[in-house]
Amino acid sequence: MSALNTLWAQLPPYAHSTVWTLVLTVVLILSVAYLTLWERKLIGWMQMRRGPNRVRIFGFLPGMGQPFADVIKLLIKEIVIPARANKLLFALAPALALIPAFAAWAVVPIAPHYAIANVDAGLLYVLSLTSMGVYGVILAGWASNSKYAFLGAMRSAAQLVAYEIAMGFALVGVLMASGSLNLGTIVARQQGGILAWNWFWLLPLLAVYFISGVAETNRAPFDVAEGESEIVAGFHVEYSGMAFALFFLAEYANMILISGLTAVFFFGGWLSPFAGYPGMGTGGFAAPGTHWLVLKIFVLLCLFLWFRATFPRYRYDQIMRLGWKALIPVTLVWIAVEALLAWAHIGPWRV
């Protein structure tokens, strides 16, 4: 073990980043796979069903092999490309949907004072990558050369643009509270216990950001990509096999990303909820760590699944009205309130 530690210390910084990138990628891929299983199990329990409980791993753990069975099923299915589709863009669209969901984790602080790329403009990097998903949606609908796929792409693109603006304004409030674009600094500024986290002073912006995140991932009740009148899957209706699976994985990868960013921006990231209380000290349950970030992400992901099992799908006009006429005005009003709090040195702005 000491030899491994010595070898690790001798490696150059780019080798450390490469290793952690590979580890994080593998963890995210496995998390996406088992999130699909957890969704089916959790919603099954909510609806008094069992969920997947047949496929085992080496004869043990009933149901735990279901994600691998689904992957094998999709891998052996034929990928059919429509005759008049733009083949290059048709193949590129799933990658544009999936890659940003993984690349954004480069600047997310996954451990105390550590991120794969500790850049000062991390917030701008995250905003730029999360807005890239709309290109994958539009290209998938247009390149398929299908009017049904194109209609689904237009619905989804309009929704993504509306809620992307609300998310951006919500993050302006986070920037005002932390005074930094660095995600590690944003987490560090929330030290002091659970009431020092940004959710307390930015509660309306937290609600706007998380609701917009649900809409950005095309999750229920905002899944308007599916056409009620056309009875088709939406912008990816012409995709099959592993090409369809990439869109499916992108949705769940974006759910994990939005949950992670919500935990970082509003719930203290890797900070402990027990820190700052008398008698807790700095160790034990009060010590910061990656496990706190993972726990917060898990709770927020369960909210995604709870929403799907609870709320009926909104009409398209209701979704657009909520984005443009409710969420964006709320963010603008609360940014003005933040300016008053900063002027009066209240909350995060106290001297």
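1. Secondary structure. The chain has 13 helices and 0 strands. Helices here are DSSP runs (H or I) of at least four residues, strands (E) of at least two, numbered from the N terminus. This is a predicted model, in which local features need pLDDT of at least 70, side-chain atom pairs count only at pLDDT 80 or more, and totals for chains, interfaces and linings use all residues. Residues are numbered from 1 along each chain as its sequence is written, and side-chain values use heavy atoms, without hydrogens and water.

2. Overall size. The C-alpha trace spans about 65 × 55 × 45 Å along its principal axes.

3. Burial. Of the 351 residues, 46% count as buried. Buried means under 20% relative accessible area (1.4 Å probe, protein chains only).

4. The core. The largest nonpolar core has 85 residues. Such a core is a set of buried Ala, Val, Leu, Ile, Met, Phe, Trp, Tyr and Cys residues joined through side-chain atoms within 4.5 Å. Trp 105, Leu 183 and Phe 265 are among the residues with the most contacts inside this core. Helix 11 (residues 241-266) gives the most to this core, with 14 residues.

5. Trp 105. Leave aside its neighbours within four places in sequence. Trp 105 is then in contact with residues including Leu 24, Ile 256 and Ile 297. Contact means heavy atoms within 4.5 Å.

6. Among contacts between residues at least 6 apart in sequence, 76% join residues at least 24 apart.

Methods. Buried means under 20% relative accessible area, exposed over 50%, partly exposed in between (1.4 Å probe, protein chains only).
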